[in-house]
Amino acid sequence: MKRLSLWFPLLLIPLVVIGLMRLKMEADILATLPGEVPEVKALKWLRDGFAGGSDLLIALEASDSDHSAAAATALAERLQKRSDLIKEVRWAQPMEQQSRDGSALLARSLQNADPAKLSDLKARLEGEGAAKQLQGSIETMATSPDNALVQRLSYDPLGLLDCLDTSAMSTLSGSLFGLISDDGKFRVLLVTPAAVVSDYRSAEAWLKKIDAEIAAWRKDSSETSGITLRETGEPAFQAEIGAGIARDMSNTIGMTEVLIAILFWFMFHRLKPLIWIQLLLMLSMVVTLGLGGLLVGKLSIMSLGFAAIVLGIIVDYAVLIIQEAREHPSKSASELRKLAAPGIIAGGCTTSTVFLSLLFSGLPGLAELGLLVALGVMVGLCVMIGLAPKLAAGKQVASVIPPSSGEKARHTFAIIGTVVLFGGMAAVFAWRGLPKFESHAEALRPSKSEAMDAWQWIQERLGRDSEASVPVLVTGPVEELRSRTTNLSHTLDEAVKSGQLVRHTLPTMLIADPAAQKANRSVIEWLIAEQPRLEKEMDAAGFTEAAFGLFRGVTPLWKHALEKPWPQDAAESEAASVLGRLLATGDRAESAGVSKGQGIVLASVSIAGKPGQPNRAKLDALVDLLHHQEGAVAAGWETLGSALSSLVKRDLNRQMLPIIGILIVTLLLTFRNARDLLLSIALLATGLGGLAATMSVCGISWNLASLAAIPLLLGTGIDYGIHLLLALQRTNNDILHVRHTTARAVFFSGMTTVIGFSSLFFAGNRGISSLGLACCLGTLWIMLIVLWLLPHWRVWLAPGRRSSAAGPAR
């Protein structure tokens, strides 16, 4: 046995070191969500599948449009010079650059257009047909009341745009002009890093260099006065969340350690035990982090709070051992361990089992939290049972317990308390009902995030006041993307007509149609060959130079494209930089997680609401509509709520039955009688009822994360009942003795658990904060019942047993 106790630490140390080296901070908030849910997949595809998904967005606002334009251009041009940091900067550039991009998109659209329409165009322009087409355009411009048609013919008298679906033309303008507000005062720069920003440390380092460049620009440029700048996008989120995890981790551990030390000193006034308890806590946490690094490998924004919870739980084991040492100052370490171990092991195993049940949660972040807490509890249990008795035995001041008067306990206040408790809960539920459940995904977002606030600002300034834009993705085999998008477009058109949607934008005409490209090649070659004649006809008809721009813009692009493999892939197009933000195929699509040969198309649907805040009923209707469209899925945070809420509720139901079964078996093995089993169940049920009543009165709702408080409270709360009921069992219901001994340790245990959960208030995730609040309130209710009412309930169920007290039971 001694050899085993020597070899075990030697084997454990390298494992812990390797685990600590492997442990990393996971700043990807999507990694905390279930990857099999279509809406979560869509968010990952949206971020990783398109050019710009890893961009830094710099939002800029000035007092007038000219000032904004000059400042945006000056900053963009300065950033472009830092090729060591930046691959590309996109912004609302001067019209010449926009015209080049527009020509590239138009050339791409025409070569994928309906071959019948392009053949009709050729037929209209052959021979004398060109003169008739131009004359018809002149007459229409002179007589038509349709201003949009007149404007179009002024730069497209040959009718090239007649080959395209005019309802889809908004895709072009949306691709080019979506970086500037209607009043021109607000602009967005899209900054692509030169290298992959793979983690929060590299994102933080890259952002510091960008911020330094911006600071130098502000200092050197005269355009910066009155300019407001904010940053968002993937690098900003990574840096912010990763730094927040590290900060929250250190703050919660530090704060928890300090509060526990203060509480211990307040209750026991002993310095030496406080020091070795702190050392054992540190040892337990280091081992837990090392083993957690081996098993999980990461700490996410949802799992970082595990450390504070573990500290709040395992310190109880040390205090219970100290309490036993004070009650039995003459016992040796092995005798003390034998006395304290049963309750600690029963409570620790029960707590670990309940936290392990979070592995069945649909939220990976919560599953990681449960695994790490369970691991930490078992490590702390082993450390405390193994080392604490040696440090505590024979070295504690003996407890001074007032002698019993022999008088039976009076239960007046306990009866009143029980009646008020159950009557109050019944009144609250009749008045306010049970707490509501909020199904939206706000609980999964960071609680305080400058990057999130900046993103909301961009949505508000670039959006329309009465509309909310929802990204929609169309996925499927590359050769089917165009047909699927076309079918979706028809469905959305009907939804717009019925008032269900406000508008939609699908890049259907930019999606490759290899068969159409093959059929259109001869017409495109003909247009290139006939360009001199057609331009001469336009000049003879009296058209100005502006009318030549569109035709002259596409023909050189076609010439260049025809020199390469045909049909043309999106990556080979002159419009590739824009297409990459709307279409994902090939390697880019595979890197986003779709299967080989599959592709993704990005569309936008506007529904009633406000920017970033869609009307819930309209959004649900859109999601239901998309469920009937092959390969279509909404990709906004707003759509996650309903998908995840049903998953979380299902997981809770799946967790509760095995948890309840395990608790009953554990309690039966611990107590070996039905009375204490029923008391333990009544304790947990009443504690949860008190929590629900408090939430109803305060207007607090359950959410996707805080529902996990229910199984957690079952696991942590049962400990207090086990320790107190075992003490009452040993002392034959001597309430006075238990109140001055075990109840003090249980009070300390409960308060340290409250301290551990309260540290989650400061977590960077709204859901984890709400989880901490629910667990704190529930623990306080369970503590109140355990320390005040539970001893009397046990006496009532065992009439005639001893229940001495020095005075009224309160």
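Which helix gives the most to the nonpolar patch? Helix 11 (residues 271–295) does, with four residues. Welcome to a short tour of this model, which is predicted: local features need pLDDT of at least 70, side-chain atom pairs count only at pLDDT 80 or more, and totals for chains, interfaces and linings use all residues. Residues are numbered from 1 along each chain as its sequence is written, and side-chain values use heavy atoms, with hydrogens and water left out.

**Overall picture**

- The protein has 29 helices and 12 strands, taken as DSSP runs (helices are H or I with at least four residues, strands E with at least two) and numbered from the N terminus.
- Of its 810 residues, 55% count as buried; buried means under 20% relative accessible area, exposed over 50%, and partly exposed in between, with a 1.4 Å probe and protein chains only.
- Taking contacts (heavy atoms within 4.5 Å) between residues at least 6 apart in sequence, 83% join residues at least 24 apart.

**The nonpolar patch**

- Trp265, Leu271, Ile275, Leu279 and Met282 make up this surface patch, with about 520 Å² of accessible area together.
- Patch members have over 30% relative accessible area and no salt bridge; nonpolar side chains (Val, Leu, Ile, Met, Phe, Trp, Tyr) are joined within 5 Å, and like charges within 9 Å.
- Leu279 sits in helix 11, and this residue counts as exposed because its relative accessibility is 52%.

**Helix 17 and its cover**

- Helix 17 (residues 481–497) has 17 residues and spans 24 Å from its first C-alpha to its last, close to the expected 24 Å, a value that is 1.5 Å times one less than the number of residues.
- Its buried residues are Leu481, Arg482, Arg484, Thr485, Leu488, Ser489, Leu492 and Ala495. They lie on the same side of helix 17 because they cover an arc of only 150 degrees around the axis, judged by the directions from the helix axis to the C-beta atoms.
- The cover over these buried residues includes strand 7 (467–477), strand 8 (503–505), strand 10 (598–610), helix 23 (616–627) and strand 12 (632–634).
- Just after helix 17, Gly499 adopts a positive phi of about 90 degrees.

- Pro364 belongs to helix 14 (residues 364–392) and is partly exposed, at 25% relative accessibility.
- Although Pro364 and Leu33 are 331 residues apart along the chain, their C-alpha atoms are separated by 5.6 Å.
- Neighbours within four places in sequence aside, Pro364 is in contact with Ala31, Thr32, Leu33 and Pro34.

**Salt bridges**

- The structure holds 22 salt bridges, each a side-chain nitrogen of Lys or Arg within 4 Å of a carboxyl oxygen of Asp or Glu.
- Arg521 pairs with Glu525, their closest N and O atoms being 3.0 Å apart. Because these two are four residues apart in helix 18 (residues 514–529), about one helical turn separates them.
- Arg521 is partly exposed at 27%, as is Glu525 at 37%.
- Glu545 and Arg552 meet at 2.4 Å, N to O; Glu545 counts as exposed at 54%, whereas Arg552 is partly exposed at 35%.
- Arg78, Arg82, Asp84, Glu213 and Asp220 are linked in a network of salt bridges.

Notes. Areas by Shrake-Rupley, 256 points an atom, 1.4 Å probe, with all protein chains shown as cover.
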